[in-house]
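Hello! Here is the structure I promised to pass on to you. Please have a look at it first, and then read my notes below.

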There are 2 protein chains.
Amino acid sequence: MKTYLECIPCFFRQALEGSRIVGATPKQQKKIVDAFARKIPQISLEASPPEIARIGYKLLRILSSDGDPYRAAKQRSNHCALKLLGKLKGKVNYSKNRLLTSVELAIAGNIIDFGVKNNLNIKEELKKILAEENKVIHKQSIFHFAEFKQVLKKAGDILYLADNAGEVVFDRVLVEEIKKEYPDKNIYYAVKEKPVINDALFEDAKVCGIDKVVRVISNGTDAPGTILALCSKEFKKIYKRADMIISKGQGNFESLSNEKRPIFFLFMVKCPVVAKETGCKMGNIVLFYNLKKNGTIRNKKISR
Amino acid sequence: MKTYLECIPCFFRQALEGSRIVGATPKQQKKIVDAFARKIPQISLEASPPEIARIGYKLLRILSSDGDPYRAAKQRSNHCALKLLGKLKGKVNYSKNRLLTSVELAIAGNIIDFGVKNNLNIKEELKKILAEENKVIHKQSIFHFAEFKQVLKKAGDILYLADNAGEVVFDRVLVEEIKKEYPDKNIYYAVKEKPVINDALFEDAKVCGIDKVVRVISNGTDAPGTILALCSKEFKKIYKRADMIISKGQGNFESLSNEKRPIFFLFMVKCPVVAKETGCKMGNIVLFYNLKKNGTIRNKKISR
């Protein structure tokens with residue numbers, strides 16, 4: 001997905017909010033905004049939003065003493081999500097369709113996103129998303145669950161692209177469910193190599209305990225998405241070989257939406273630009289299979 | 001009021017929306033955004049928001065064939081507001097407190113603002129603002145009506161600073177009411193000299209019929225507010241001499257909030273930054289007297 005002009009004000013908002021989280025003084029905040037403004041004329045809108053956002057987050061990292069301004073926020077998200085683990089597993093255990101519930105929970109976990117919204121109460125937000133009346137709304141969105149089941153059944157190697165810290169706990173619920181049904185599946189869970197916003201790193205995967213279920217790898221980058229041109233050789237090898245790719249979050253969708261690999265994009269629609277691009281509404285939860293026959297994301301055929 | 005860093009993303013949004021209203025191609029839109037981005041590092045945040053926004057709107061004007069990209073929108077606002085005139089006058093006629101109702105209507109007319117919101121249904125928005133349950137909320141805001149009455153009574157020369165086209169009709173209701181009660185008051189109604197967004201020009205004042213009630217003057221500028229340093233000598237003379245200044249809209253508040261003249265600011269709070277500055281909530285209607293004793297806008301004493 002290319003960058004829309006509407007993304008530009010949002011990049012500035014992110015740079016500003018980020019600079020505050022880093023604890024920048026007002027003078028430093030203005031410097032960040034100025035430095036980012038100087039980059040704008042050099043930017044091509046053919047780049048995906050995460051490619052451009054990465055420039056802003058790189059500027060921020062310089063200001064942070066340990067290069068990871070969101071570390072404390074990530075730790076809070078991890079702990080908050082871990083406290084919910086029992087409840088999430090209970091929801092799956094009591095569900096008539098365990099896989100479906102696990103997928104829904106994995107998408108719901110995508111509310112944890114500091115790029116879009118800095119202050120959130122995970123518990124409260126989750127309650128809203130999982131409420132029965134909202135599920136009806138979500139199901140009117142793109143939801144290629146039949147294809148998900150079908151491709152999953154046949155897949156040997158699965159590559160799961162992580163998004164945010166904390167959200168990893170929700171991903172763990174889904175991969176544990178997959179492993180329970182298909183113990184032989186080979187699942188790789190890809191996190192970022194270096195800090196960017198609250199994106200999950202290896203340490204987050206470990207804290208959230210997903211490393212006990214699947215093999216955690218790094219994609220080799222510090223981009224808030226999966227920019228293949230920047231990814232490590234090892235990651236790209238796995239990416240090309242995988243029979244199924246489960247991609248979490250808007251950032252991964254924005255950077256991989258034009259790819260021809262069997263990717264399932266699981267995310268919440270959190271900004272008007274992605275809503276426009278997908279034909280969905282803000283707040284919708286999406287399960288989109290990019291190789292779905294006779295269906296593009298814009299004329300969203302509902303398979304369920 | 002100085003510019004907050006939060007205003008910067010909003011300036012970009014305005015530049016972008018404006019470039020679309022001008023009918024700019026996507027390439028031209030990017031050029032506008034780039035040109036504005038290049039200005040950002042040169043900008044001091046000690047300037048008021050209208051001073052900075054003016055730079056963006058100047059860039060837009062170059063693209064417009066007749067230098068007035070919002071002309072059609074302004075004409076629509078004028079006609080739409082004129083159709084409501086009978087109803088507005090009716091509201092005043094049936095009111096137990098005619099002056100209060102006129103002031104409320106004048107503030108309500110401030111919803112017409114293309115800088116903040118491009119698409120609006122004046123009638124629908126007005127209905128919401130004037131609904132009884134909302135009035136209660138508005139009255140919890142800053143509302144220095146006792147002072148307004150007091151200063152009005154004694155004032156010989158009154159300077160009324162216009163904001164947007166269409167809104168002029170609502171201003172007309174208020175100045176007609178003032179003239180009805182005090183036929184001897186000398187009221188100047190100041191519009192902008194050159195087009196900027198949908199701000200009222202002399203032609204709008206004429207179409208809305210306010211020129212029959214008061215003397216319409218120009219402030220000599222193309223700024224979306226009242227930047228005194230840019231205003232004409234004639235305007236400044238009247239400004240300094242006036243016993244009472246009635247200032248409409250956020251732009252005038254942002255540019256004059258630090259002044260020591262007897263100014264009553266009548267506006268709707270339309271952005272989070274002004275909400276923060278005033279201690280009010282978004283959507284609040286405000287009547288703020290800047291010379292009020294023992295009261296600043298931040299600890300908002302309610303005088304009514």
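**What I found**

Asp157(B) has a relative accessible area of 16%, so this residue counts as buried. Please keep in mind that the model is predicted. The partner of Asp157(B) is Arg241(B): the two form a salt bridge, with 3.2 Å between the closest N and O atoms. Because Arg241(B) sits in helix 11 (residues 233-241) of chain B and Asp157(B) in strand 1 (residues 157-161) of chain B, the bridge ties together parts that are 84 residues apart in sequence.

Chain B has another salt bridge to look at, between Lys192(B) and Asp199(B), where the closest N and O atoms are 2.9 Å apart. Are these two residues buried or exposed? Both Lys192(B) and Asp199(B) are buried.

Over all chains, the structure holds 36 salt bridges. In chain A, one of them joins the side chains of Glu6(A) and Lys276(A), at 3.3 Å from N to O. This pair links distant parts of the chain, 270 residues apart: Glu6(A) is in the segment before helix 1 (7-21) of chain A, and Lys276(A) is in helix 13 (residues 272-278) of chain A. Glu6(A) is partly exposed at 25% relative accessibility, and Lys276(A) is partly exposed at 49%. Also in chain A, a network of salt bridges links Asp66(A), Asp68(A), Arg71(A), Lys74(A) and Glu203(A).

Now to the place where the chains meet. Glu6(A) turns up again here, in a salt bridge with Arg20(B) whose closest N and O atoms are 2.7 Å apart. How many salt bridges does the rule find across the interface of chain B and chain A? There are two. Between the chains, six residue pairs are in polar contact. On the side of chain B that touches chain A, helix 1 (7-21) and helix 2 (26-39) of chain B each supply at least two residues. Helix 2 of chain B gives the largest share, seven residues. Sorted by class, this side of chain B has twelve nonpolar, six charged and one polar residue.

In total, 19 residues of chain B are in contact with 19 residues of chain A. The area buried between the chains is about 1600 Å², and carbon and sulfur atoms give 75% of it. Leu5(B), Lys30(B) and Pro41(B) supply 34% of the area that chain B buries against chain A, more than any other three residues.

Next, the aromatic rings. A search of the whole structure finds 21 aromatic pairs over all chains. In one of them, the rings of Phe148(A) and Phe264(A) have their centres 5.2 Å apart and their planes at 80°, so the pair is edge-to-face. Phe148(A) belongs to helix 8 (residues 145-154) of chain A and Phe264(A) to strand 5 (residues 263-268) of chain A, so parts 116 residues apart in sequence are tied together. Both Phe148(A) and Phe264(A) are buried. Phe11(B) and Phe36(B) also pair edge-to-face, with 6.2 Å from centre to centre and 75° between the planes. Ring pairs link Phe11(A), Phe12(A), Phe36(A), Phe11(B), Phe12(B) and Phe36(B) into a cluster.

Enjoy exploring it!

Definitions and conventions
Residues numbered from 1 in each chain as written. Chains lettered and ligands numbered in written order. Predicted model: local features only at pLDDT ≥ 70, side-chain atom pairs only at ≥ 80, totals over all residues. Heavy atoms only, no water. Contact = heavy atoms within 4.5 Å. Buried area = accessible area lost by both parts, 1.4 Å probe. Salt bridge = Lys/Arg side-chain N within 4 Å of Asp/Glu carboxyl O. Polar contact = N/O pair within 3.5 Å; in protein donor to acceptor, adjacent residues only side chain to side chain. Helix = DSSP H or I, 4+ residues; strand = E, 2+ residues; numbered from the N terminus. Nonpolar A, V, L, I, M, F, W, Y, C, P; charged D, E, K, R; others polar. Phe/Tyr/Trp six-rings, centres within 6.5 Å; stacked < 30°, edge-to-face > 60°. Buried < 20%, exposed > 50% of the residue type's maximum accessible area, 1.4 Å probe, protein only.
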